Amino acid sequence: MKITARANYYILMIVVFGGFLMFGISENIKGPALPAIQADFQVSEAKLGILLALNALGFLIACSFTSTLINKIGLKLTSVIMFGSMAISGLFIYLSSNYVILSASYFFLNIGNGMLEISLAIIAARIFTKNTGTMLNLSHFFYGLGSTVAPIFAASMMGWYVMNAELGWRGMYLVMLSFSLIPIIPVLISRLPNETAEKEDRISLKGLYRDPIAWLIVVALTFGIIAELGMASWLVNYLVKVYGWTLDDGSELLSLFFLLFMFARLLLGPITDKFGYTKSIIIFSAFSGMCGLAGILIGEKAAILFAIAGIGIAPVYPTMMALLAKRYPKGTDTAITFTVTLIGIGSVIGNLLIGFIIDIVSLLSNNNILGLHAGYGFISISALACSASCVVIYVVLRKNNQVI
């Protein structure tokens, strides 16, 4: 059956939106699971940091080869492989009997996530050629939607009983990640962009290496990703250990964070198109960082600020992707691969730093709560560093009359 161009466009929208929905779920069900994993395997905060760093490392490796894989076997087969690998990783996590096997399973999961990130970014950049900021923020709205429901469903599902046995974090991962098989259906019936698009006049990697704006984007986005993923990964742990909240209460605040995060991406996209991508990121990321620091300094009564920080950090990544698409219209695939691969390195370092900052400050001060304050403070400072980096980008672009 021949699919019209319009119908194919809508099917591709389903692939992009469904893919980002699954991406949000797979990345953020770990929030409620981490305290249970830590208790089951008796691991330190530093080892949790290593586990999260391995996530980022798997993501990084996948980003480095996905573009080449797409060129070799096509975007369609690559997409089927990435969704399938995510489902298989759920089985591996379910079967994990120790910390080493779990770490390897998490690593494999993030191979799939890294492939998903590059593939979805390429599809979105090719089909959303108008109102790019709005459409990319809308796409990432579905990431926020998945991230919003993930902690609540994960925390609830961990307490379910199936065949007289508690599902736990292992069973929860198995069930939740099995949903990644669903987007394979629209992938199989669609014509993906690389099958119909003309070959790009690509910008070379050498050209990107020599472009200071490309490196500034990497620096800014690295800090933004450290802040975004750090808030998602460490918030529940922070609330449980610093304020003595229950796992359910902490998961509810994390879900509120992602609810605000989700609607920020839905509503702020048109503003970024009109106000300008660089200026928007400066303001939004600074707002997020200040909310995080204020929440730490004021204390438990201001815990709501941790959720409000999601409003500011939400538009940073999709808006930066829109900036990349407009800055490098001929060679978007290369620019995306270059940027996402390098920010993966920053994410590895960032996750390691958070865990080790917590442990080192806790050891030196003999106060674990102070260590947790320091770790979460680093996350908030990363958002401010993202804003500061974008100020430099704006100044350089304005000097060359290239503000986007």
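Which side chain meets Arg327 in a salt bridge? Look for Asp211, whose side chain meets that of Arg327 at 3.3 Å, N to O.

A quick note before the views: this is a predicted model, where local features need pLDDT of at least 70, side-chain atom pairs count only at pLDDT 80 or more, and totals for chains, interfaces and linings use all residues. Residues are numbered from 1 along each chain as its sequence is written, and side-chain values use heavy atoms, with hydrogens and water left out.

**View 1. The salt bridge between Arg327 and Asp211.** A salt bridge here is a side-chain nitrogen of Lys or Arg within 4 Å of a carboxyl oxygen of Asp or Glu, and by this rule the count comes to two. The side chains of Arg327 and Asp211 form one of them. The pair links distant parts of the chain, 116 residues apart: Arg327 sits in helix α14, while Asp211 is in the loop between α9 (205-209) and α10. Helices are DSSP runs (H or I, at least four residues), numbered from the N terminus. Asp211 has 11% relative accessibility, so Asp211 counts as buried. As for the words, buried means under 20% relative accessible area, exposed means over 50%, and partly exposed is in between (1.4 Å probe, protein chains only).

**View 2. The salt bridge between Glu228 and Arg265.** Here the N to O distance is 3.6 Å. Glu228 belongs to helix α10 and Arg265 to helix α11 (residues 247-275), so the bridge ties together parts that are 37 residues apart in sequence. Both Glu228 and Arg265 are buried.

View 3. Is Thr272 buried or exposed? Thr272 is buried, with a relative accessible area of 0%. Leaving aside neighbours within four places in sequence, Thr272 is in contact (heavy atoms within 4.5 Å) with Gly133, Asn137, Tyr277, Ser280, Phe284 and Thr319.

**View 4. The largest cavity, about 370 Å³ in volume.** Picture a 1 Å grid over the protein atoms alone: a cavity is a set of points where a 1.4 Å probe fits but cannot get out, and lining residues have an atom within 4 Å of a point. Grid points are joined across faces, edges and corners, and a volume is the space filled by probe spheres set on the points. By this rule there are three cavities of 30 Å³ or more. The largest cavity is lined by 27 residues, and the closest to its centre are Phe23, Glu27, Phe59, Ile225 and Leu229. Helices α1 (5-28), α3 (45-73), α5 (99-127), α6 (132-157), α10 (212-242) and α15 (332-365) each supply at least two residues of this lining. By class, the lining of the largest cavity has 13 nonpolar, nine polar and five charged residues. In this scheme Ala, Val, Leu, Ile, Met, Phe, Trp, Tyr, Cys and Pro count as nonpolar, Asp, Glu, Lys and Arg as charged, and the others, Gly among them, as polar.

**View 5. The second largest cavity, with about 80 Å³ of space.** Its lining includes Phe20, Glu117, His140, Tyr317 and Ile336. Two or more lining residues come from each of α5, α6 and α14 (316-327), and α5 gives the largest share, five residues. The lining of the second largest cavity divides into nine nonpolar, one polar and one charged.

**View 6. Tyr9 and Phe128, an edge-to-face pair.** Rings of Phe, Tyr and Trp (its six-membered ring) pair if their centres lie within 6.5 Å; planes under 30 degrees apart count as stacked, over 60 as edge-to-face and the rest as tilted. The structure holds 20 aromatic pairs. For Tyr9 and Phe128, the ring centres are 6.3 Å apart and the planes stand at 85°, so the pair is edge-to-face. Tyr9 lies in helix α1 and Phe128 in the loop between α5 and α6, so the pair ties together parts 119 residues apart in sequence. Tyr9 is partly exposed, at 29% relative accessible area, whereas Phe128 is buried, at 2%. Ring pairs also link Tyr9 and Phe128 into a cluster with Tyr10, Phe17, Phe141, Phe142 and Phe263.

Note on methods: 1 Å grid on protein atoms, 1.4 Å probe; cavity = no way out; pocket = protein on both sides within 12 Å on 5 of 7 lines; lining within 4 Å.
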